[in-house]
Amino acid sequence: MKQLRIFLFVTLFLCAFGLPLLSATQAFLSVQVKEGQLRSAPSFLGSVKAALAYGDRVELIEDKGAWKQVAIRKLRGWMHMSALTTKKIVLQAGAADVQTSATSSELALAGKGFNAKVEAEFKNKNKNIDYTWVDRMEMLAVKPDQMQAFLKQGQVNPPEEVAP
Amino acid sequence: MKRDSLILFLLLPASLVIFGCQTMLTVTEKVTTVAEGVGMIDPSYARAIKKSTVAVSKSIEEFTPEQEYYIGRSVAAVILTKYQPYTNQPANQYLNLLGQTLAQASDMPEIFRGYRFLVLNSDEINAFATPGGQIFVTRGLLRFCRNEDAVAAVLAHEIGHIQLKHGIQAIKKARITDALTTIAAESARALAPNEVAMLTETFGGAIMDITTTLINNGYSRSFEYEADNAAQTILRRLGYDPNGLVEMLMVMGKNLKSGETGFAKTHPAPQDRIDEIQQKLGIKYSRVQTPETRQARFTKAVGKI
């Protein structure tokens, strides 16, 4: 009984203090949005160098508040933390690592849970609900250079010092 | 035996550090199984450890951005069943240029499929934001805006609700637990048809919880003040005048009739919001000055809406 307590205590202690040490050496994050923006600087004013795909694994290089400097393949740049998760994202159900993985706290299975299939079932049961304009809204995407032009044209000048 | 146990005590927890705690569950399970095998702990204790580790892992689970996106789509569809879209392309394009730019300056610039904005063809004074990033503003509310800075304030307030996950918090707790339990089972295998049906039912319930809150009940006053607060930060980061919100609320205060549906029912009184903004953020009101080009594009797109 005493042994068990010591065992649990040591385990928890190492988990609490050991992990931060470990992650300082090498950590990976996953892109959790459809298209993650990789920027040239840690700010929304930084130009977008590339768009990373859902599930892409990036290596964490530097941590600067909400902005993370990351590397993937030959690319290096800054991403906002809202685009990233510490979980590994598996894009296909039934993939080998999903079977062997113990828990969803380390893995996120793309497309699981509330997904297109559930939406289709819901639609089927609620035929009065119309998705036409929800789909049309998706087409109204604005590109980063259009945003920059919009700010410039309207003489909206972001003060450098408060840029997140 | 005693010495073996001692070595195990030192080695096994150390192995956790090597593998990292993200794999805590797997490792704990293995360690517990080993410990059980060498007679260090009895099987019932072993089971208890395994069980509690699973519980801890699940409690930190939440909806992924992808799932919030699907919740948002259906909330948007319900809203668009009750309200008609205003199909004026320049107005919607302007709203998306402005809104998506504002979202980039928020604390949550990246959501699964990005933010989208649409004007609703309604005289009611109202605005809605879904957890998936769809934001709606009625023509009635846009008529209270005298300049782009005011429109920016309205949109930034809605972005604030998304950033602060207010929509998700409107879902009843029991429903979230139900959903996450079913979803957790799915990570290991495909869902059986009855589980898909269960999940769809929970999904429908969640959509109802959110739309009822958005359309009928409104958020708490504190959520509204929090969204105003977030809006001020977004406006300042981009270089819009924080008084845009105060000015819009002043016009609203003059025009809002009590007993009206929409904002009058679901939001704190405009003057209360102005007081809160001015007291908490120390903003002293002065008239919003916007450059001519900015005013011109505002007038062209939504000035006569």
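# Burial, pairing and packing in a predicted model

User: Is B:Tyr225 buried, partly exposed or exposed?
Analyst: This is a predicted model, and the call rests on counting C-beta atoms around the residue. B:Tyr225 has 17 other C-beta atoms within 10 Å. Buried takes 20 or more and exposed takes 12 or fewer, so the count makes B:Tyr225 partly exposed.

User: Zooming out, what percentage of chain B is buried?
Analyst: Chain B carries 15 helices and three strands. Among its contacts with a separation of 6 or more, 70% are between residues 24 or more positions apart. Of the 305 residues in chain B, the buried share is 49%.

User: In what order do the strands of the chain B sheet lie?
Analyst: Three strands make up this open sheet, with mixed pairing. Strand 1 (116-120) and strand 2 (127-129) of chain B each have a single partner strand, so they stand at the edges. From one strand to the next the twist averages 15°. The order in chain B is 1-3-2.

User: Which residue in strand 3 of chain B is the bridge partner of B:Phe117?
Analyst: Strand 1 and strand 3 (residues 134-138) of chain B run parallel, with five bridges between them. One of the bridge partners in strand 3 of chain B is B:Thr138, which goes with B:Leu120. For B:Phe117, the partner is B:Ile135.

User: And on the strand 2 side, what is the phi of B:Gly133?
Analyst: Strand 2 and strand 3 of chain B pair in the antiparallel sense over three bridges, with B:Phe128 opposite B:Phe136. The two strands form a hairpin with four residues between them. B:Gly133 lies in that turn, and its phi is positive, about 105°.

User: How many residues of strand 3 of chain B are buried?
Analyst: In a regular strand the side chains alternate between the two faces of the sheet. For strand 3 of chain B, one side holds B:Gln134, B:Phe136 and B:Thr138, and the other holds B:Ile135 and B:Val137. Both faces are covered, and the buried count for strand 3 of chain B is five of five.

User: Is the crossing of helix 5 and helix 7 of chain B right-handed or left-handed?
Analyst: The axes of helix 5 (residues 89-104) and helix 7 (residues 148-163) of chain B come within 9 Å and cross at roughly 55°. That angle makes helix 5 of chain B oblique to helix 7 of chain B. As for its handedness, the crossing is right-handed.

User: What is the class make-up of the contact between helix 5 and helix 7 of chain B?
Analyst: From helix 5 of chain B come B:Leu98, B:Gly99, B:Leu102 and B:Ala103. They meet residues of helix 7 of chain B including B:Glu148, B:Val151, B:Leu155 and B:Ile159. By class, the contact has eight nonpolar, one polar and one charged residues.

User: What is the phi of B:Lys165?
Analyst: Most residues other than glycine have a negative phi. B:Lys165 sits in the loop between helix 7 and helix 8 (166-169) of chain B, and it counts as partly exposed because it has 14 C-beta neighbours inside 10 Å. Its phi is positive, near 55°.

User: Over in chain A, is A:Gln155 buried or exposed?
Analyst: A:Gln155 lies in the segment after helix 5 (144-153) of chain A. Its phi is positive, near 55°, in a residue other than glycine. With 12 other C-beta atoms within 10 Å, A:Gln155 is exposed.

User: How many Å apart are A:Phe44 and A:Met79, C-alpha to C-alpha?
Analyst: A:Phe44 is in the loop between strand 2 (35-39) and strand 3 (48-53) of chain A. It counts as buried because it has 23 C-beta neighbours inside 10 Å. A:Phe44 and A:Met79 are 35 residues apart in sequence, while their C-alpha to C-alpha distance is 9.4 Å.

Methods
Residues numbered from 1 in each chain as written. Chains lettered and ligands numbered in written order. Predicted model: local features only at pLDDT ≥ 70, side-chain atom pairs only at ≥ 80, totals over all residues. Axes fitted to C-alpha atoms, helices over the stretch in contact; angles between N-to-C directions. Parallel < 35°, antiparallel > 145°, perpendicular 65-115°, else oblique. Left-handed = near helix turned anticlockwise from the far one by under 90°. Contact = placed C-beta atoms within 7 Å. Nonpolar A, V, L, I, M, F, W, Y, C, P; charged D, E, K, R; others polar. Pairing = 2+ DSSP bridges.
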